[in-house]
Amino acid sequence: MSETASNQLTRTLDAVARTEDKVHAYRHVLELEARSSASDVDLSKASSPIAGWAFAVKEVFDVAGVVTSGGSQAYEDRVATLDATVVARLRAAGGTLVGTQVAHELTCGLDQPLTRNPWNLSYYPGGSSAGAGVSVAVGSARFALGTDAAGSLRIPAAMTGTTGLKPTWGLISSHGVMREASAPSIDHVGIIARSAAEIGKVLPILTDPDPWDAATLQARCDQDQRPQHNNRIAVLGETTLSALTDAYPLDPEIKIALADSCKVFRQAGAEIVELELPTLPMAVDAIVTLFSAELAWANTAALAKRRDRFNPKVAEMIETGLGIPADRLMDAVRVRSKLQKELSAAFAAVSTHFLLTPTTPRPAMSLAEFDPTQELGTLIPFTCGFNLTGNPAISIPCGQTKEGLPIGLQIVGSHYMETELLDLAMEFQRQTHWHELRCPI
């Protein structure tokens, strides 16, 4: 007999009580509502694969009756009247919502939230979906939802030793995601859990088309129309890798972890090949331009009325975004289009559908030495390009530094190949133990 939802929730709330004063993953813990929901699930005898699973959502997802502020005082009176589509679907499938979780203000990554890395409390936990990775790592959520416009879900997964999936753009509805905290053309709703296998149980619940989100209504590949996966997996060729690492140096321990990960796949029968993406080094500038412009437009009215309620750096970014010239926007759009075509052609040229990269060029850093306004862009060179292209990408644990900090491996797949991407991640996790390690608190 499977464990009751009430028992699962009790264990989760125990973890909240044990860790929350140290890691600060949650903005709102909805204990009474969660206990009532868990009781209802038990009475209903729900048979869903996630029945009774305790989950949490980034503070940009609407939860009926709860303040959804995107971490900004400028929106502290914004109370949702309806659940976001993804929240409603998870509840209907028997999931138990524990609460909403801390994020960088409006997902900009320019402030420093109270959230701390459970592997070392003086270190950065990743962002902007900071609370998501932390809660899963300490057990105060079975899984969590975040958003990812440049790496905002995969980076926390990498830095907390958890597994984070950014699916194909438009696969999961973003209806009910706070518009003022998103950049719709590059943003993706994603999932963090301990393992790819757990994500594989959550994902199908979220992928039905949603009439409230036109992006989910575009044509998709049916299972029998998807290209067949062979045993080839790509890595970045020397020219592309050098261009990236010249601008964003690759930590030696991460370089070793990537090489070790390739060995794991080779031992499982894969052939590792190289591909070049000459446009990838241009992705950081393009993503910053698009994110700034899209976010700025949504915050124009609020900035005019209550500028003093925004973090000064966030207000400055919004103002800058409003002044981006049209030719710069067009340059960013051209980079996106070029990279999309380049990646598709590169996959075809080497007969693969998958690419391995580090998730981040360096592991979590000490908060005492980290200025997000200056350095956050240095964390996204391997992740943000695939927000431009809309390809699915997953970060899985693949090692630890000498200081005991997690290292993440990113696997990028062809569009709508989430099933095969998760299969590949699960194979890696069957062969390794990194996702099974637990943080010290």
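Which hand does the crossing of α3 and α6 have, left-handed or right-handed? Keep that question in mind as you open the viewer. What you have on screen is a predicted model.

**Stop 1: helices α3 and α6**

Select residues 85-92 for helix α3 and residues 196-206 for helix α6. Their axes lie 9 Å apart and meet at an angle of about 115°. Angles of 65 to 115 degrees count as roughly perpendicular, so α3 is roughly perpendicular to α6. And here is the reply to the opening question: the crossing of α3 and α6 is right-handed.

Now show the side chains where the two helices touch. From α3, pick Val86, Arg89 and Leu90; from α6, pick Val202, Ile205 and Leu206. Colour them by class, and the contact of α3 with α6 shows five nonpolar residues, no polar ones and one charged residue.

**Stop 2: helices α9 and α11**

Next, select residues 283-306, which form helix α9, and residues 326-349, which form helix α11. A handy idea for this stop: two packed helices are described by the angle between their axes and the distance between the axes. For α9 and α11, the angle is about 125° and the axes are 9 Å apart. α9 and α11 are therefore oblique to each other. Turn the view and you can follow α9 as it passes α11 in a left-handed crossing.

To see the contact, show Ala283, Ala286, Thr289, Leu290 and Ala293 on the α9 side. Facing them on α11 are Arg328, Leu329, Ala332, Val333, Val335, Arg336 and Leu339. Sorted by class, the contact of α9 with α11 has nine nonpolar residues, one polar and two charged.

**Stop 3: the largest pocket**

Stay with α9 for a moment. Along with α10 (312-322) and α12 (372-375), α9 supplies at least two residues of the lining of the largest pocket. About 660 Å³ of space lies in this pocket. How many residues line the largest pocket? There are 29, and those nearest its centre are Cys108, Leu110, Val288, Met317 and Leu376. The lining of the largest pocket divides into 14 nonpolar, twelve polar and three charged residues.

**Stop 4: the second largest pocket**

The second largest pocket holds about 330 Å³ of space. It has 18 lining residues, and Val235, Leu236, Leu241, Lys255 and Leu258 are the closest to its centre. The largest share comes from α8, with five residues. By class, the lining of the second largest pocket has ten nonpolar, four polar and four charged residues.

**Stop 5: the cavity**

Rolling a probe the size of a water molecule over the atoms shows where empty space is left. How many cavities of 30 Å³ or more does the structure hold? It holds one. The volume of the largest cavity is about 40 Å³.

To find the largest cavity, select Trp119, Gly161, Pro397, Gly399, Gln400, Pro406, Ile407, Trp434 and Leu437, which line it. Then highlight strands β10 (393-400) and β11 (406-413), each of which supplies at least two residues of that lining. β10 gives the most, with three residues. The lining of the largest cavity has six nonpolar and three polar residues, and no charged ones.

Notes:
Residues are numbered from 1 along each chain as its sequence is written. This is a predicted model: local features need pLDDT of at least 70, side-chain atom pairs count only at pLDDT 80 or more; totals for chains, interfaces and linings use all residues. Side-chain values use heavy atoms; hydrogens and water are left out. Axes are lines fitted to C-alpha atoms, for helices over the stretch in contact, and angles run from 0 to 180 degrees between N-to-C directions. Helices (H or I, at least four residues) and strands (E, at least two) are DSSP runs, numbered from the N terminus. Angles under 35 degrees count as roughly parallel, over 145 as roughly antiparallel, 65 to 115 as roughly perpendicular and the rest as oblique. A crossing is left-handed if the near helix is turned anticlockwise from the far one by less than a right angle, and right-handed if clockwise. Contact means heavy atoms within 4.5 Å. Ala, Val, Leu, Ile, Met, Phe, Trp, Tyr, Cys and Pro count as nonpolar, Asp, Glu, Lys and Arg as charged, and the others, Gly among them, as polar. On a 1 Å grid over the protein atoms alone, a cavity is a set of points where a 1.4 Å probe fits but cannot get out, and a pocket is an open set with protein on both sides within 12 Å along at least five of seven lines; lining residues have an atom within 4 Å of a point. Grid points are joined across faces, edges and corners, and a volume is the space filled by probe spheres set on the points.
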